[in-house]
Protein chains: 2
Amino acid sequence: MNSLDKLAHEFAKLPGVGAKTAMRYAYAVINMNAADAEEFSRAITDVKTKVHYCRECGNFTEDDVCEICRRRSKDVICVVTYPKDVAAMEKSHCFGGVYHVLHGTISPLSGRGADDIRIKELLARLDGVSEVILATNPDVEGEATAMYIAALVKPLGIKVSRIAQGVSMGSDIEYADSVTLSRAMESRIPL
Amino acid sequence: MNSLDKLAHEFAKLPGVGAKTAMRYAYAVINMNAADAEEFSRAITDVKTKVHYCRECGNFTEDDVCEICRRRSKDVICVVTYPKDVAAMEKSHCFGGVYHVLHGTISPLSGRGADDIRIKELLARLDGVSEVILATNPDVEGEATAMYIAALVKPLGIKVSRIAQGVSMGSDIEYADSVTLSRAMESRIPL
């Protein structure tokens with residue numbers, strides 16, 4: 001395989017990148033100047049060597065403990081599935097506490113049990129916590145994982161909540177799927 | 001900027017990649033194993049250090065002269081704009097001769113004249129050539145470039161042709177733009 005095809009082959013490993021797009025990216029790299037390509041190449045190795053999990057919350061960080069864990073009150077913990085969920089929450093500025101990243105969901109079908117995700121680590125940091133917000137995905141595995149964690153945390157006398165599920169803001173009710181609509185109807189809020 | 005944002009920033013330089021997709025790619029890299037990421041990183045530097053223009057046709061190659069120029073008859077030359085056009089032609093198996101890559105079009109508006117693309121190099125290799133096929137894009141700049149080259153090559157007694165323009169195979173006439181339809185009508189072929 002020549003270098004160009006090899007690079008396209010590497011790009012094709014990225015999510016949602018097919019053969020044509022991969023080749024387009026490879027051509028873009030070949031048209032970069034040498035310094036830019038060098039920088040791109042180094043960014044890939046850097047991310048693997050410098051970035052690891054935060055010792056407390058499991059989010060990506062280049063330090064021992066991430067900036068969020070260092071700076072914020074640990075009164076409320078928001079439990080998410082992946083580091084990218086933390087990024088989405090932070091972008092919305094809707095939460096000011098700390099996170100806990102599970103790095104997966106409980107999924108008996110895929111052979112992933114409670115011990116395969118960071119649930120033990122969550123239980124170990126509940127001292128002094130007043131509320132645990134479960135922000136796993138609103139799908140079967142995310143719901144099951146949330147229910148499992150709720151059953152473990154509630155008996156400790158800590159408030160447990162789940163993010164609301166309903167129709168997306170700015171969406172058309174006409175196009176909402178029926179499960180979402182039923183959920184939005186059930187969880188309706190008195191005005 | 002942390003390593004993850006830095007990598008996303010690099011990915012965002014690729015064509016058609018926005019901030020969200022770039023971050024998705026960066027997360028994919030962080031989830032690769034270290035060896036795969038190393039390979040990806042090396043593929044980027046390799047493509048810049050190993051790949052250059054073929055001395056004859058201007059296509060990308062890792063050798064002095066590319067495989068197509070080494071193996072095929074130089075009787076007919078197909079003139080294209082970019083190396084990716086060679087890749088597209090080769091994929092269709094519609095041409096068995098050699099190529100000439102211009103690396104651009106004549107574009108007075110962008111300040112690119114005939115000397116800024118590889119037209120001199122084309123004229124220098126016309127010895128013994130029986131036909132020059134112009135396969136530049138069917139747009140204003142591609143057409144102008146084709147006309148310019150035709151005016152230079154025809155007086156040398158060499159046959160010059162242009163790839164046919166008309167409705168795409170498998171497309172709906174209903175959705176064809178009017179310029180394409182007019183061209184298809186003008187160039188109609190007697191059956």
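In this predicted model, chain A can be superposed on chain B by a rotation of 180° with 0.0 Å of shift along its axis, and the RMSD of that superposition is 0.1 Å. This is the relation of a two-fold axis. If you look along chain A for the C-alpha nearest that axis, you will find it in A:Ser41, 2.2 Å away from the axis.

The contact between the chains draws 43 residues from chain A and 43 residues from chain B. Because 100% of the interface residues of chain A are also interface residues in chain B, the copies meet through the same surface.

The size of an interface is often given as the accessible area lost when the parts come together. Between chain A and chain B the buried area is about 3,800 Å², and carbon and sulfur atoms give 71% of it. Within the area that chain A buries against chain B, A:Ile30, A:Ile44 and A:Lys48 supply 16%, which is more than any other three residues.

Turning to individual contacts, the count between chain A and chain B is 2 salt bridges, and B:Glu39 forms a salt bridge with A:Lys6, where the closest N and O atoms are 2.6 Å apart. There are also 10 residue pairs in polar contact between the two chains, counted where both residues have pLDDT 80 or more.

On the side of chain A that touches chain B, the elements giving two or more residues are helix H1 (3-11), helix H2 (19-30), helix H3 (34-50) and helix H5 (83-92) of chain A. The largest share of that side, 14 residues, comes from H3(A).

Methods
Residues are numbered from 1 along each chain as its sequence is written. Chains are lettered from A and ligands numbered from 1 in the order in which they are written. This is a predicted model: local features need pLDDT of at least 70, side-chain atom pairs count only at pLDDT 80 or more; totals for chains, interfaces and linings use all residues. Side-chain values use heavy atoms; hydrogens and water are left out. Contact means heavy atoms within 4.5 Å. Buried area is the accessible area (1.4 Å probe) that two parts lose on being put together, summed over both. A salt bridge is a side-chain nitrogen of Lys or Arg within 4 Å of a carboxyl oxygen of Asp or Glu. A polar contact is a pair of N or O atoms within 3.5 Å; within protein, one must be able to donate a hydrogen and the other to accept it, and residues adjacent in sequence count only if both atoms are side-chain atoms. Helices (H or I, at least four residues) and strands (E, at least two) are DSSP runs, numbered from the N terminus. Copies are superposed by least squares on the C-alpha atoms of residues with pLDDT of at least 70 in both.
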